[in-house]
There are 2 protein chains.
Amino acid sequence: MERNEDLTGRARIRDAAMLEFAEHGVKGATIRGIAGAAGVSPALVQHHFGTKEALRQACDEHVIAVIRETKQEALDGGLGDPGFLAIAMRTALPVQRYLARSLTDGSAAANTLFDDAVAFSAEILERGTAGMNEPKTDDLHAYATVLTAMSVGMVVLHEHLSRALGADTLTAEGYPRMALAALEVLNDDLMSPELVEQARASLKSMLAAGGQPPTRSTGDR
Amino acid sequence: MERNEDLTGRARIRDAAMLEFAEHGVKGATIRGIAGAAGVSPALVQHHFGTKEALRQACDEHVIAVIRETKQEALDGGLGDPGFLAIAMRTALPVQRYLARSLTDGSAAANTLFDDAVAFSAEILERGTAGMNEPKTDDLHAYATVLTAMSVGMVVLHEHLSRALGADTLTAEGYPRMALAALEVLNDDLMSPELVEQARASLKSMLAAGGQPPTRSTGDR
DNA sequence: CAGGCTACTGAACATATGTACAGGCGGGGT
DNA sequence: ACCCCGCCTGTACATATGTTCAGTAGCCTG
């Protein structure tokens, strides 16, 4: 499996690279910095990935794989409370930060990922699945695009969101407060009242606890 | 005035720097690239700004000045249709792109600008000005923060928005379609129905014309 | 054990890039 | 006329950085 190999060498470098890329940008991150963060020599990075650009592509592919995996998992287990936002919560933090940076740094993977998210969002809105209403608009594609951009934008701006709210919105500490506000900002017609109330209750309990999401107790993994 | 001097040397460099910074990031942009784009020698950049970091700060200060000026202008002339979105539309395109990049590259100016936008948004929401309703929420600060992040996020992700919609959302070509969808995505309670209808009508006329905002009926092109 | 393969390292190299320096050009004041 | 001063340029230099190369250690296979 890929996972076994993941724990050794190559994967450590790739994970470190994702963090460094996210922190300093593709151009700002250095091979030496990545190697240092991974605890290996700079030459090993070249040995495994050859070039910096190839390393970047490896990160892209890994992110795509994780996202697809997470999406499938969410679809199987019935998509959670506020849809996309919940999915974003699940995916690993380094992946999110790398993706957020890639969206402004520019990468083919980020582009297709965004476009896929728009298509997925449009699909869900169209055939109102699980408490999702079909919005009354004459431009559903633009609707889905804007909705996606707003969701993704909250991840891209997580640093500023977190600073303004006083808690990291990418962790369970600041996430519920942000998500609750998002539920109020967005149009009520999007979700059925029951689903809204369910999501709100779930987020409020998360807010009170300040800890892990409550879905942990239902035991899916 | 400052404007006369703006046309010569120093200002050309600063404007070129904003574009280069926006395009390649602070780290990715090079002195030589900026000088080339401005049509001057790399040494002149040093002569005027001394160091790359100082040039960056000069860009920051200029952006802050432009934003403040635009905001004041918008406040005096009665803030336009959908509030912040309209303001964003007005500010010069290079400024927006530079700001969007700075928000993810990290800069003190971008941070304070975002925080100011949140405070301004909260202020408007609190004392419902000009058709703006006070939202029914028990966490107005988070509400204002999320609303601001969503608005700003649309600018930050303008490249992806534009690709998905097939038209540049930072120009009058793609903007109305995006703004119309945003009006539908956001909660109706935010603005009074009259203001919503007014904004929608204005945007639709802009969409039909596909040209400049209706405030200037002199059709060129 | 021999051989080879893979993970890994230190040193070296070429280029890109920020920065400093010395000087030229043109105008305005004495 | 002379000189000073701001705008501007070409060149040079030190460093950062991506990349290459030769070589070592461990391990598996024959």
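**Exercise 1. How are H2(A) and H3(A) oriented relative to each other: roughly parallel, roughly perpendicular or oblique?**

*Solution.* The model is predicted, so local features need pLDDT of at least 70 and side-chain atom pairs count only at pLDDT 80 or more, whereas totals for chains, interfaces and linings use all residues. Residues are numbered from 1 along each chain as its sequence is written, and chains are lettered from A and ligands numbered from 1 in the order in which they are written.

Step 1. Two packed helices are described by the angle between their axes and the distance between the axes. Axes are lines fitted to C-alpha atoms, for helices over the stretch in contact, and angles run from 0 to 180 degrees between N-to-C directions. Helices (H or I, at least four residues) and strands (E, at least two) are DSSP runs, numbered from the N terminus.

Step 2. For H2(A) and helix H3 (residues 31–38) of chain A, the axes come within 8 Å and cross at roughly 125°.

Step 3. Angles under 35 degrees count as roughly parallel, over 145 as roughly antiparallel, 65 to 115 as roughly perpendicular and the rest as oblique. H2(A) and H3(A) are therefore oblique to each other.

Step 4. The crossing of H2(A) with H3(A) is right-handed; a crossing is right-handed if the near helix is turned clockwise from the far one by less than a right angle, and left-handed if anticlockwise.

Step 5. On H2(A) the contact is made by Arg12(A), Ile13(A), Ala16(A), Ala17(A), Leu19(A) and Glu20(A), and on H3(A) by Gly33(A), Ile34(A), Ala37(A) and Ala38(A). Two residues are in contact if their C-beta atoms, placed from the backbone, lie within 7 Å.

Step 6. By class, this contact has 7 nonpolar, 1 polar and 2 charged residues. Ala, Val, Leu, Ile, Met, Phe, Trp, Tyr, Cys and Pro count as nonpolar, Asp, Glu, Lys and Arg as charged, and the others, Gly among them, as polar.

**Exercise 2. Describe the packing of H7(B) and H9(B).**

*Solution.* Step 1. Helix H7 (residues 93–105) and helix H9 (residues 140–156) of chain B have axes that come within 9 Å and cross at roughly 110°.

Step 1. H7(B) and H9(B) are therefore roughly perpendicular to each other, and their crossing is left-handed.

Step 2. From H7(B), Gln96(B), Ala100(B), Leu103(B) and Thr104(B) meet Val152(B), Val155(B) and Val156(B) of H9(B). The residues of this contact divide into 5 nonpolar, 2 polar and no charged.

**Exercise 3. Characterise chain A and its contact with chain B.**

*Solution.* Step 1. Chain A has 12 helices and 0 strands. Of its 221 residues, 43% count as buried (20 or more other C-beta atoms within 10 Å of the residue's own; exposed if 12 or fewer, and partly exposed in between). Among the contacts in chain A with a separation of 6 or more, 55% join residues 24 or more positions apart.

Step 1. The contact takes 42 residues from chain A and 42 residues from chain B. Elements of chain A that give two or more residues to it include helix H2 (10–28), helix H8 (108–126) and helix H11 (175–185). H9(A) gives the most, with 11 residues. By class, the side of chain A that touches chain B has 23 nonpolar, 10 polar and 9 charged residues.

Step 2. Not counting residues up to four places away in sequence, Val146(A) touches Met178(B), Ala181(B), Ala182(B) and Val185(B).

**Exercise 4. Is Leu186(B) buried or exposed, and with which residues is Leu186(B) in contact?**

*Solution.* Step 1. Leu186(B) is found in the loop between helix H11 (175–185) and helix H12 (193–209) of chain B.

Step 1. With 20 other C-beta atoms within 10 Å, Leu186(B) is buried.

Step 2. Leaving aside neighbours within four places in sequence, Leu186(B) is in contact with Val185(A), Leu186(A) and Asn187(A).
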